[in-house]
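Subject: Structure handover

Hello,

Please find the structure below, with the sequence alongside. My notes come after it.

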Amino acid sequence: MHCAIFYETANANPHRGAYALSVRATECYHQSRVRVAQFLGVRDSDCLIFTRGTTEGLNLVAGAWGMANLSSDDEIVVTAMDHHANFVPWQVLAMRRGAKFRVCELTPDGKIDLDFLSSLLNKRTKIVAVSHVSNALGTINPIAEVARLVREKTDAILVCDGAQSAPHFPVSFDSLGVDFYAFSGHKMLGPMGIGGLIGKREMLEEMPPYQTGGDMIEFVHDDRTTWNVLPHKFEAGTPNAANAVGLAAGRRVSRQDRHGSCALSRKSADVRGAGAALGDRRPPHLWAAGQRAERSSELHPRRRASPRSGDNSRW
Ligand SMILES: Cc1ncc(COP(=O)(O)O)c(C=O)c1O
């Protein structure tokens, strides 16, 4: 199924009604979560929270976990290669809580300086945020090595910005070694305004909600409210079910293109932009070597994949 079919056949608010359309919307939304979770290697699909994208996923962790757990004695570590989405929320959180905000420098060839990182880590470090792949440099960061350092030297949570890795190579959250992983649908052939945050169940359960309102509640009394179970606790209000369906369809195309995409990641720096510049409509991994353009400030070329024509299958 894709977004348009959702609007034609299931356009209703999930979880809220006993009528047929709502039941169908609920099922579509649930199936989308299961399929995207499978794609990103999460066995427990209730630990995948749909968000507007990577930015909202990272803000969710900063706002919910960070505001509840950070104090003025604590430190946050990010790196100099991080996208603003994985930099500013932590900087603002540090300012709000009076915590120290520390930036890990890079090596001259654009990698995280692991010695520098190690020197920043200590028992006061409460959050370490790194990108899996840099949008500016194309660097694929050694998340396992970063995780090893973080676990060895701190009790911090490790947050991974997956905006550029989720679309471009196989990711298994369950074996990545991080506590939270955020991604964006529009970077993986899905619609804009949808993405997700994956977190470890125990952390998501322990965290307070990010936003409050309908759908995320269990019981509401005049003097207190209790929270719904995962994933609903973090999805207040009417969800973007149509775009979740579109994201699940997009990741199907993304998987078809996966081998090309992986090769692309390795060559990313010199490939970027060639197709657009030359008006080439083929996927970038099919461009001739001579068509590769100069290095650009963004990592990945825009891929122009369209859903298979004549594909009417629901999923
Ligand atoms: C590495 C990285 N992180 C975060 C983002 C922010 O993603 P979004 O705008 O979809 O929230 C981007 C977008 O370009 C990105 O490349």
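Overall
The model is predicted, which should be kept in mind throughout. The chain is built from 12 helices and nine strands. Of its 315 residues, 46% count as buried. Among contacts with a separation of 6 or more, 66% are between residues 24 or more positions apart.

The sheet
Seven strands form an open sheet with mixed pairing, in the order E1-E7-E6-E5-E4-E2-E3. Its edges are strand E1 (48–51) and strand E3 (100–104); each has a single partner strand, so one side of each has no neighbour in the sheet. From one strand to the next, the twist averages 20°.

At the E1 end the pairing is antiparallel. Four bridges join E1 to E7, with Thr-51 opposite Gly-195 of E7. Strand E7 (residues 195–199) is in turn paired with strand E6 (residues 180–184), also in the antiparallel sense, over five bridges. There, Ala-182 has Leu-197 in E7 as its bridge partner.

How are the residues of E7 divided between the two directions in which they point? Gly-195, Leu-197 and Gly-199 point one way, while Gly-196 and Ile-198 point the other way. In E7 the residues pointing either way are all buried, and the strand is accordingly listed as mostly covered, with five of its five residues buried.

Further along the order, the pairings of E4 are parallel. Strand E2 (residues 75–79) pairs with E4 in the parallel sense over three bridges, and Val-77 has Val-128 in E4 as its bridge partner. E4 also pairs with strand E5 (residues 157–161), again in the parallel sense, over five bridges; here Ala-129 stands opposite Val-159 in E5. Strand E4 (residues 125–131) has seven of its seven residues buried, so the rest of the structure largely encloses it.

The nonpolar core
The largest nonpolar core has 76 residues, and those touching the most other members are Val-159, Phe-180 and Val-245. Helix H9 (residues 241–256) supplies the largest share of this core, seven residues. Leaving out residues up to four places away in sequence, Phe-180 touches Val-61, Ile-157, Val-159, Cys-160, Leu-197, Ile-198 and Gly-199.

The ligand
Which residues are closest to the ligand? They are Gly-53, Thr-55, Asn-135, Ala-163 and Ser-184, out of 13 residues that surround the ligand. By class, this shell has 10 polar, two nonpolar and one charged residues.

Arg-24
Arg-24 lies in helix H2 (residues 20–39). Is Arg-24 buried, exposed or partly exposed? Arg-24 has 16 C-beta neighbours inside 10 Å and therefore counts as partly exposed; a residue needs 20 or more to be buried, and 12 or fewer to be exposed. Beyond its neighbours within four places in sequence, Arg-24 is in contact with Thr-9 and Ala-10. The C-alpha atoms of Arg-24 and Pro-14 are 8.0 Å apart, with the two residues 10 apart in sequence.

Regards

Conventions: Residues numbered from 1 in each chain as written. Predicted model: local features only at pLDDT ≥ 70, side-chain atom pairs only at ≥ 80, totals over all residues. Contact = placed C-beta atoms within 7 Å. Near = placed C-beta within 6 Å. Nonpolar A, V, L, I, M, F, W, Y, C, P; charged D, E, K, R; others polar. Pairing = 2+ DSSP bridges. Axes fitted to C-alpha atoms, helices over the stretch in contact; angles between N-to-C directions. Core = buried A, V, L, I, M, F, W, Y, C linked by C-beta atoms within 7 Å.
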